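Hi everyone, thanks for coming. Let me put today's structure on the screen, and then we'll walk through it together.

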Amino acid sequence: IMNILIFISLFSNLIMVGISLITHFVTYPSFKLIKSSIFSEFHKSYTNKMLLIVAPVMILELISSILLVIFDVSDNDTETGLLITLILIWFLTFFAIVPIHNKLAVNYTKDLNQKLIKYNGFRTILWIIKLILFIGFCDYLATNFH
């Protein structure tokens, strides 16, 4: 069961890195190309669809990260570091990015879009750091726990 848990956690992390990179370099910058007359409608459709994709993956990532800490499969604190990184990602998502999306839903501004891109950049970096840590963690487990 531990291998399945590690796989779910790693796979969900990989998916979120991919989604975050596409969002950062393609989707958010393209917001400026949407006509203001239809932006609210577009934004509502976009956020509803993204929620259906992202929410289950983020929840799986969180649950699996918590379980890795609870089961403490290694002799080091990597699991805790992974969870702390994920908590920072969730904090950034719900206290910075979601409020910007809520403002954009009412009124698009270039400034809000730039803030969204900036905060998503921080979040993307955190997900990449988490992935690198996780790959090191998997290597550690493979080397020390046959």
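Let's start with a pair of helices: α1 and α4 make a left-handed crossing. Left-handed here says that the near helix is turned anticlockwise from the far one by less than a right angle, while clockwise would be right-handed. The axes of α1 and α4 come within 9 Å and cross at roughly 155 degrees. An axis is a line fitted to C-alpha atoms, for helices over the stretch in contact, and angles run from 0 to 180 degrees between N-to-C directions. α1 and α4 are therefore roughly antiparallel to each other, a label for angles over 145 degrees; under 35 is roughly parallel, 65 to 115 roughly perpendicular, and the rest oblique. In the contact of α1 with α4 there are 16 nonpolar, nine polar and two charged residues. For these classes, Ala, Val, Leu, Ile, Met, Phe, Trp, Tyr, Cys and Pro are nonpolar, Asp, Glu, Lys and Arg are charged, and the others, Gly among them, are polar.

A quick word on where this comes from. It is a predicted model, so local features need pLDDT of at least 70 and side-chain atom pairs count only at pLDDT 80 or more, while totals for chains, interfaces and linings use all residues. Residues are numbered from 1 along each chain as its sequence is written, and side-chain values use heavy atoms, with hydrogens and water left out.

Now the whole chain. How many helices and strands does it have? Four helices and zero strands, in the order α-α-α-α from the N terminus on. Both kinds of element are DSSP runs numbered from the N terminus: helices are H or I with at least four residues, strands E with at least two. Taken along the principal axes, the C-alpha atoms fill a box of roughly 60 × 25 × 20 Å.

Two further pairs are worth a look. α2 and α3 pack at about 165 degrees, their axes 11 Å apart, which makes α2 roughly antiparallel to α3. Their crossing is left-handed, and the contact of α2 with α3 has 14 nonpolar, seven polar and two charged residues. For α3 and α4, the angle is about 165 degrees and the axes are 10 Å apart. The crossing of α3 and α4 is left-handed too, and 18 nonpolar, six polar and five charged residues make up the contact of α3 with α4.

On to charges. Side chains of opposite charge can pair when their charged atoms come close. The structure holds two salt bridges, each a side-chain nitrogen of Lys or Arg within 4 Å of a carboxyl oxygen of Asp or Glu. One joins Glu61 and Lys130, with the closest N and O atoms 2.9 Å apart. Glu61 lies in helix α2 and Lys130 in helix α4, so this pair ties together parts that are 69 residues apart in sequence.

Last stop: the largest pocket. On a 1 Å grid over the protein atoms alone, a pocket is an open set of points where a 1.4 Å probe fits, with protein on both sides within 12 Å along at least five of seven lines, and lining residues have an atom within 4 Å of a point. Its lining has 27 residues, with Thr47, Leu51, Thr93, Val98 and His101 nearest the centre. α2 gives the largest share, 11 residues.
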